[in-house]
Amino acid sequence: MFFIGGITQGSKEIAYRASVFVCSRCGRYGKYEVFMTYLCLSLFFIPVWKWNRRYYVKTTCCGSVYELNPEVGARLARGEDLDIMPGDLTFVSGGNELPAWQNPVRQCQGCGYETTENFTFCPRCGQRLEERRPE
Ligand SMILES: [Zn+2]
Ligand SMILES: [Zn+2]
């Protein structure tokens, strides 16, 4: 019998009705982006089992990453409309030490274009992209 399968780590963005707040790390205005990561067992390329779900929040201002209270994360993933409170967040890393599942943001010094793709040059104006290093 053939066994074609594997375990992969996935990540998924969760819709969050983002409201603007003042970031406690960089002092600028930012929004939360919510992600879920999980391990996924696939058989014959069909995902059959997901586990080890973890929820993360990234700020749009400086890219700081927080781990989100899993209860709150699960409720957001179900589409519930609730606010993320500072007490639900555990600081993981600043913008310059992102977890492996996430690329750093590169920003063009010429036109301000931002991308998380692994580009060296700006696709819009051709200038060299700089990795954004807050703090
Ligand atoms: Zn910030
Ligand atoms: Zn540019």
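**Entry 1: terms and ground rules**

Two strands pair if DSSP finds at least two bridges between them. Strands (E, at least two residues) and helices (H or I, at least four) are DSSP runs, numbered from the N terminus. My first look-up was Val-57, and I found it opposite Tyr-66 in β6.

I note that this is a predicted model: local features need pLDDT of at least 70, side-chain atom pairs count only at pLDDT 80 or more, and totals for chains, interfaces and linings use all residues. Residues are numbered from 1 along each chain as its sequence is written, while chains are lettered from A and ligands numbered from 1 in the order in which they are written.

**Entry 2**

I followed β5 in both directions. It runs antiparallel to β4, and eleven bridges join the two. One pair I checked is Ser-42, whose bridge partner in β5 is Pro-47. Two residues lie between the strands of this hairpin, and Phe-44 takes a positive phi near 50° there.

Next I looked at β5 and β6. They also run antiparallel, and four bridges join them. Their hairpin has five residues between the strands, and Gly-63 takes a positive phi near 75°.

**Entry 2: Asn-52**

I located Asn-52 in strand β5. Is Asn-52 buried or exposed? It is exposed, with 9 other C-beta atoms within 10 Å. The cut-offs are these: with C-beta atoms placed from the backbone, 20 or more others within 10 Å make a residue buried, 12 or fewer make it exposed, and anything in between is partly exposed.

Leaving aside neighbours within four places in sequence, Ile-84 touches Tyr-32, Val-57, Leu-68, Val-72 and Leu-89.

**Entry 3: a three-stranded sheet**

Last, I traced an open sheet of three strands. The order is β9-β8-β10, with antiparallel pairing. Which are the edge strands? They are β9 (114-115) and β10 (129-131), each pairing on one side only. Strand β8 (residues 106-108) pairs with β9 over two bridges. There I found Arg-106 opposite Thr-115 in β9.

Definitions and conventions. Two residues are in contact if their C-beta atoms, placed from the backbone, lie within 7 Å.
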